Amino acid sequence: MKKYNYIVSVLMMVLSGYILFETGTYEIGQSAQKNPAIWPRFLAIGLIILSVALIIQTIFSHDPEMENFSIDSKGEGMRKVYVMFGLTFGFVIVLKVLGMLFALLLLIPAIEWLMGCRSRVMLIALPAGLVAFVYVFFGIIMKLTLPGPFWA
């Protein structure tokens with residue numbers, strides 16, 4: 001397990017470095033969010049901090065179970081990871097075809113179902129509430145253009 005922690009930490013720091021590099025070219029806009037690089041940079045710095053914390057935790061951990069841990073690529077947990085990658089890929093396609101709000105309405109209940117939520121109220125209320133929040137906060141209050149369908 002220690003080996004996996006180190007690998008994931010380094011990969012996340014490399015990804016964060018790329019995000020910081022890429023956001024250096026963002027131009028200050030005229031929308032409600034004057035500098036579009038603020039949030040990606042904030043998240044990248046947070047990811048670097050968490051990666052360093054994982055490395056420190058792994059170094060000082062003396063759990064004997066972590067020494068001989070291996071990932072079963074055909075286990076139940078990994079199947080959920082593979083399905084989640086598929087859902088993410090499908091989200092990107094639906095995002096381009098139907099737009100962000102419809103894609104979120106499909107993605108959120110699919111993730112809930114994958115994680116074991118079977119409550120009909122939660123499968124309907126949470127996606128509707130989150131999509132309404134995204135539309136109101138980002139679309140109306142901040143006046144940002146949300147990704148729409150390719151034909152719009």
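Which residues make the nonpolar surface patch? The patch, of about 960 Å², is made by Phe89, Ile93, Val97, Leu98, Phe102, Leu105, Leu106, Phe150 and Trp151. Helix H4 (76-98) and helix H5 (100-114) are the elements that give two or more residues to the patch. H4 supplies the largest share, 4 residues.

The model is predicted: local features need pLDDT of at least 70 and side-chain atom pairs count only at pLDDT 80 or more, while totals for chains, interfaces and linings use all residues. Residues are numbered from 1 along each chain as its sequence is written, and side-chain values use heavy atoms, with hydrogens and water left out.

Patch residues have over 30% relative accessible area and no salt bridge, and nonpolar side chains (Val, Leu, Ile, Met, Phe, Trp, Tyr) are joined within 5 Å. Accessible areas come from the Shrake-Rupley method with a 1.4 Å probe. Helices are DSSP runs (H or I, at least four residues), numbered from the N terminus.

Phe102, one of the patch residues, lies in helix H5.

The structure holds 1 salt bridge, defined as a side-chain nitrogen of Lys or Arg within 4 Å of a carboxyl oxygen of Asp or Glu. Its partners are the side chains of Arg79 and Glu76, at 3.4 Å, N to O. Arg79 and Glu76 are 3 residues apart in helix H4, so about one helical turn separates them.

The table gives exposure classes (buried under 20% relative accessible area, exposed over 50%, partly exposed in between).

| Residue | Class | Relative accessible area |
|---|---|---|
| Phe102 | exposed | 51% |
| Arg79 | partly exposed | 45% |
| Glu76 | partly exposed | 48% |

Methods:
Patches are made of residues with over 30% relative accessible area and no salt bridge: like charges are joined within 9 Å, nonpolar side chains (Val, Leu, Ile, Met, Phe, Trp, Tyr) within 5 Å. Buried means under 20% relative accessible area, exposed over 50%, partly exposed in between (1.4 Å probe, protein chains only).
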